[in-house]
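I opened my notebook today to look up a few things in a protein model. Have a look at it with me before reading on.

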Amino acid sequence: MTQTSEDVTWLTQEAYTKLKEELAYLSGPAREEVTAKIAAAREEGDLRENGGYHAAKEEQGKQELRIRQLTQLLEKAKVGEAPTSTDGAVAPGMVVTIAFDGDESDTMTFLLASREYASADVETYSPQSPLGSGVIGHKVGEDAEYELPNGKKASVTILKAEPYNG
């Protein structure tokens with residue numbers, strides 16, 4: 001099976017290492033800790049009214065979900081640096097400014113990247129999101145279309161696309 005560009009998540013080496021460390025912690029020590037909490041709560045008796053037991057089981061479920069998310073993300077990850085120069089085409093790792101329906105007074109700027117890149121400085125959209133997949137490959141000045149949740153199409157004009165300097 002070959003991966004398309006939409007299947008790939010681009011990560012810097014630093015982000016990849018951080019996520020691998022998180023996965024190793026969650027799969028090892030954190031998993032043992034929550035198992036111990038469940039065992040301790042089970043010792044308290046009646047599980048139907050045991051708040052500690054139910055809280056520990058919920059924590060375990062959230063932890064296992066994060067392990068699955070990280071595993072899938074890292075399986076699809078390509079390690080490299082965000083683009084440093086561009087031919088003007090929108091690509092993951094870029095800060096993009098768009099105008100809705102060509103109206104330059106109605107604009108939005110966002111980082112096109114996975115949420116692991118998310119920054120408080122700029123909103124982040126995934127390359128797999130409807131907007132993200134709609135603008136990828138388009139150049140500054142071009143119009144791009146994407147599908148809204150209600151099934152209708154929306155049009156945007158690419159005003160700017162620059163490498164993210166996080």
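These are my entries, from the overall layout down to single residues.

**Before I start.** I am working with a predicted model, where local features need pLDDT of at least 70, side-chain atom pairs count only at pLDDT 80 or more, and totals for chains, interfaces and linings use all residues. I number residues from 1 along each chain as its sequence is written, and the side-chain values use heavy atoms, with hydrogens and water left out.

**Entry 1: layout.** I looked up the elements and found 4 helices and 7 strands. Here helices (H or I, at least four residues) and strands (E, at least two) are DSSP runs, numbered from the N terminus. Along the sequence I read the pattern β-α-α-α-β-β-β-β-α-β-β. I also looked up burial: 34% of the 166 residues are buried. Buried means under 20% relative accessible area, exposed means over 50%, and partly exposed is in between (1.4 Å probe, protein chains only). The areas come from the Shrake-Rupley method.

**Entry 2: strand β6.** Which side chains of β6 are buried? In this strand, residues 143–147, A144 and Y146 point to one face and are buried.

**Entry 3: the partner of β6.** I followed β6 to strand β7 (residues 153–163), and the two pair in the antiparallel sense over 5 bridges. Strands count as paired if DSSP finds at least two bridges between them. Y146 stands opposite A154 in β7. The hairpin has 5 residues between the strands, and G151 takes a positive phi near 95° there.

**Entry 4: salt bridges.** How many salt bridges does a search of the whole structure find? The search finds 5. The term means a side-chain nitrogen of Lys or Arg within 4 Å of a carboxyl oxygen of Asp or Glu. I looked at some of them:

- K37 forms one with E59, and their closest N and O atoms are 3.1 Å apart. K37 lies in helix α2 (residues 29–43) and E59 in helix α3 (residues 51–76), so the pair ties together parts that are 22 residues apart in sequence. K37 is partly exposed at 42% relative accessible area, and E59 is partly exposed at 32%.
- E58 and K62 meet at 3.4 Å, N to O. These two are 4 residues apart in helix α3, which separates them by about one helical turn. E58 is partly exposed at 48%, while K62 counts as exposed at 55%.
- E147 and K153 meet at 4.0 Å, N to O. E147 is partly exposed at 42%, and K153 is exposed at 53%.

**Entry 5: a charged patch.** I found a negative surface patch formed by D101, D103, E104 and D106. Patch members have over 30% relative accessible area and no salt bridge, with like charges joined within 9 Å. Asp and Glu count as negative, and the charge is placed at CG of Asp or CD of Glu. E104 is in the loop between β3 (94–100) and β4 (107–112), and E104 is exposed at 60%.

**Entry 6: one glycine.** Is G51 buried or exposed? G51 is exposed, with a relative accessible area of 53%, and lies in helix α3. The C-alpha atoms of G51 and A41 are separated by 8.5 Å, with the two residues 10 apart along the chain.

Methods: Patch = residues over 30% accessible without salt bridge, like charges linked within 9 Å, V, L, I, M, F, W, Y side chains within 5 Å. Areas by Shrake-Rupley, 256 points an atom, 1.4 Å probe, with all protein chains shown as cover.
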